[in-house]
Amino acid sequence: MVAVVDHGTFTAAAASIPVSQPALSQAIAALERELGTELFHRIGRQVTLTAAGEAFVEPARRMLRDADVARAVVQQVAGLTGGRLDVVVLPSLVVEPLVDLVGRFRRLHPQVLVRLTEPEDAAAVATLVRSGQCELGIGDQVPDDRVLASDVLGEQSLLAVLPPGTPLSTAHDLPVARLAQFPLITSPRGTSSRRLLGNALRQADPDTDPRIGVVTEHREAIVPLVMAGAGAGVLPEPMARAAAALGAVVAPLSPPLRRSVVMVRRAGPLSPAARLFRDLALEHANLTPPAPDQPDRSGPPDVGGTAG
């Protein structure tokens, strides 16, 4: 189709590919039948794009470019002497487990470029993997999507992070109901941590509205804001322990607040780089990869709501 657009006639396009003109015409006709609409207006020997054709031609060009790139690097990537691995990950899962996984992977395969993408929200992890923009995703929900498969790598605890000097009971655990008495520093709606915190507070006391003191998209600002006395936060355990080293008061919540760590992929074969990265993740989680023709879709149910 792209050749016809570039050359203006079926005859010239066929010569440029090269295929016979009848074969090209039949291929275009078959594509139009499959799409259920005409792609070209045929005026004598000249052709012009229909509205549907104009909508289709740019995606077709992108597919051709992707195919050219794939053919050019396939030998490199097959031997992991080059290539790229795109991973989308919730911001709060970067420190753990992603940093260690990427470090180990890069030591084993230093020629592979690893590109990390931050999703707009927790649901975008599955969206970016489904679309093919990223080959692997690390989030906290098992997607209910036949196109996707997933591996539960483990659980991560979330802890309360309080301003220095905040008194705690001798039990050390902080009841979720007491957390609601602090002005809270949170990430925006739609993020994983905001969703989990909201669920925990509603379960502790459905009639109490939590006090939101600060909403920030800059997650790196949460600990400094807590240290400055702006309020309390809830952070994944690795980040909370780092805050404790700076002088923040850190406490487990009661009842405990935990979330799953889930690796998401498209069902079916993975690239060599993605397959080896997944194997490392499963080894780290002490999980066994499923048989290639039976993708693992096991895991806890979606806890609801909407990156963290």
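Buried means under 20% relative accessible area, exposed over 50%, and partly exposed in between, with a 1.4 Å probe and protein chains only. The model is predicted: local features need pLDDT of at least 70 and side-chain atom pairs count only at pLDDT 80 or more, while totals for chains, interfaces and linings use all residues. Residues are numbered from 1 along each chain as its sequence is written, and side-chain values use heavy atoms, with hydrogens and water left out.

**View 1. Overview of the protein.** The secondary structure consists of 11 helices and 11 strands; these are DSSP runs numbered from the N terminus, helices being H or I with at least four residues and strands being E with at least two. Of the 308 residues, 43% count as buried. The accessible surface is about 16300 Å², and 54% of it belongs to carbon and sulfur atoms; such areas come from the Shrake-Rupley method with a 1.4 Å probe, and for residues only the protein chains shown count as cover. Across the whole structure, 10 salt bridges are found, a salt bridge being a side-chain nitrogen of Lys or Arg within 4 Å of a carboxyl oxygen of Asp or Glu.

**View 2. Salt bridge between Glu237 and Arg241.** The closest N and O atoms of Glu237 and Arg241 are 3.4 Å apart. Both residues lie in helix H10 (residues 237-245), 4 residues apart, about one turn of the helix. Glu237 is partly exposed at 30% relative accessibility, and Arg241 is partly exposed at 45%.

**View 3. Salt bridge between Asp100 and Arg104.** In this pair the closest N and O atoms are 3.3 Å apart. Asp100 and Arg104 are 4 residues apart in helix H5 (residues 94-108), a separation of about one helical turn. Asp100 is partly exposed, with 38% relative accessibility, whereas Arg104 counts as buried at 18%.

**View 4. Salt bridge between Asp140 and Arg195.** The closest N and O atoms of Asp140 and Arg195 are 2.9 Å apart. Asp140 lies in the loop between strand E5 (136-139) and strand E6 (148-162), and Arg195 lies in helix H8 (residues 192-204), so the pair ties together parts that are 55 residues apart in sequence. Asp140 is buried at 8% relative accessibility, and Arg195 is buried with a relative accessible area of 7%.

**View 5. Network of salt bridges.** Arg84, Asp86 and Arg115 are linked in this network. Side chains of opposite charge can pair when their charged atoms come close.
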